[in-house]
Amino acid sequence: MSAALSHEWLNQRFGPSVRFAEPMSRHTSWHAGGPADVFFEPRDAIELSRFLEMLPQRTAVLWLGLGSNLLVRDGGIRGVVVSTHAALHGLRRIGDTEVQADAGVHCARIARQCVKWGLGPAEFFAGIPGTLGGALAMNAGAFGGETWNHVVEVEVMDGHGTRRTRARSEYTVGYRHVSGPGTGECFLAARLRFEPRPDASLDTIRDLLVRRRQTQPIGEWSCGSVFTNPAGDHAARLIESAGLKGHRIGDAQVSPKHANFIVNCGAARAADLEALILHVQKVIQERFGVHLTPEVRIVGEAK
Ligand SMILES: Cc1cc2nc3c(=O)[nH]c(=O)nc-3n(C[C@H](O)[C@H](O)[C@H](O)COP(=O)(O)OP(=O)(O)OC[C@H]3O[C@@H](n4cnc5c(N)ncnc54)[C@H](O)[C@@H]3O)c2cc1C
């Protein structure tokens with residue numbers, strides 16, 4: 001951080017929106033991770049733009065939704081973390097089949113609201129415990145649905161605070177992967193298109209979630225699936241076949257319920273979680289010659 005970004009200076013301009021040495025364990029679903037130098041929770045997109053405008057060139061910025069797909073290492077994050085979910089929470093219908101949703105909106109809310117509007121298929125969003133911003137960054141999907149199948153256009157903000165609208169065609173989208181034209185841009189909002197589904201029902205969402213609870217350690221501290229599925233196979237099947245269910249490093253454990261989940265049993269450090277990820281990768285490579293790619297995003301410095 002440059003001298004211009006002293007704590008006092010930031011406090012004067014942004015008051016309670018800015019915090020220092022904020023433990024990221026408070027903001028990740030794994031409940032692990034070291035401190036972020038600067039943690040910024042803007043009140044709205046205008047304050048976010050003002051903040052980014054005055055950041056020195058090359059300041060590292062990490063966009064944060066609900067931290068449900070993030071492993072932050074124990075040494076924490078040098079630079080700025082911007083949390084979107086408290087500020088960007090607008091969700092409205094803008095036509096017969098279109099919805100405008102801000103990046104901080106929880107995916108589960110999109111699922112429920114679309115059912116109430118008689119639109120779908122949007123029930124799959126209920127299976128993603130993150131924000132729309134995170135779902136856009138990951139092309140998150142569940143129960144056969146995927147986020148970008150519904151994107152018409154997105155509103156983004158670059159690292160200098162400039163807003164623009166981008167069409168879906170500007171992005172390359174794949175399985176849990178999205179790349180776009182602008183480096184370091186954050187998603188502010190998206191226009192999503194669905195179909196009329198007058199018979200859509202909240203019961204469908206309930207049934208999907210009940211089914212999921214039977215096979216996944218929902219409620220435990222995890223980041224969902226740790227690895228993407230290799231072509232033609234399932235990461236969970238490989239990990240279970242290798243006898244790794246229940247394998248533990250410190251308080252990090254391969255879930256006995258679902259082999260592609262790693263759970264924090266209480267006091268796991270990020271280093272334990274990462275060591276277990278590396279161990280699983282090594283065993284699967286040796287046994288089956290398959291490289292498992294982490295779906296979870298690993299960021300920050302080791303301690
Ligand atoms: C119990 C459990 C079940 C899960 N099940 C599923 C599932 O079925 N399907 C699935 O796809 N995922 C699943 N996940 C993973 C996770 O919920 C998704 O990846 C989700 O989309 C992450 O959203 P988030 O808001 O938490 O993002 P975060 O974890 O905060 O961030 C994830 C990535 O997105 C980036 N990002 C976040 N917000 C923005 C933004 N506004 N602009 C630009 N980049 C941004 C971050 O920098 C980071 O790289 C599960 C997780 C858990 C804990």
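Q: Which residues form one aromatic cluster with Phe14?
A: Phe14, Phe40 and Phe51 form one aromatic cluster. The model is predicted, so local features need pLDDT of at least 70 and side-chain atom pairs pLDDT 80 or more, while totals for chains, interfaces and linings use all residues. Residues are numbered from 1 along each chain as its sequence is written, and side-chain values use heavy atoms, without hydrogens and water.

Q: And how many aromatic pairs are there in the structure?
A: The structure holds seven aromatic pairs. Rings of Phe, Tyr and Trp (its six-membered ring) pair if their centres lie within 6.5 Å; planes under 30 degrees apart count as stacked, over 60 as edge-to-face and the rest as tilted.

Q: What is the geometry of Phe14 and Phe40?
A: Their pair is edge-to-face, with 5.4 Å centre to centre and 80° between the planes. It links distant parts of the chain, since Phe14 lies in helix α1 (residues 7-14) and Phe40 in strand β2 (residues 35-40), 26 residues apart. Helices (H or I, at least four residues) and strands (E, at least two) are DSSP runs, numbered from the N terminus.

Q: Is Phe14 buried or exposed?
A: Phe14 is buried, at a relative accessible area of 2%, and Phe40 is buried at 0%. Buried means under 20% relative accessible area, exposed over 50%, and partly exposed in between (1.4 Å probe, protein chains only).

Q: What about the rings of Tyr171 and Phe187?
A: The centres of these rings are 6.0 Å apart and the planes are at 40°, so the pair is tilted. Tyr171 sits in the loop between β12 (163-167) and β13 (172-174), and Phe187 in strand β15, 16 residues apart. Tyr171 is buried at 8% relative accessible area, and Phe187 counts as buried at 15%.

Q: Changing topic: which residues are closest to the ligand?
A: The closest are Trp63, Gly65, Ser68, Thr131 and Gly141, among 33 residues that surround the ligand. A residue is near a molecule if one of its heavy atoms lies within 4 Å of it.

Q: Where does the backbone of Trp63 come in?
A: A polar backbone atom of Trp63 is 2.6 Å from an oxygen atom of the ligand. For Ala135, a polar backbone atom is 3.3 Å from a ligand oxygen atom.

Q: Which element gives the most to the shell around the ligand?
A: That is α4, with five residues.

How values were computed:
Polar contact = N/O pair within 3.5 Å; in protein donor to acceptor, adjacent residues only side chain to side chain.
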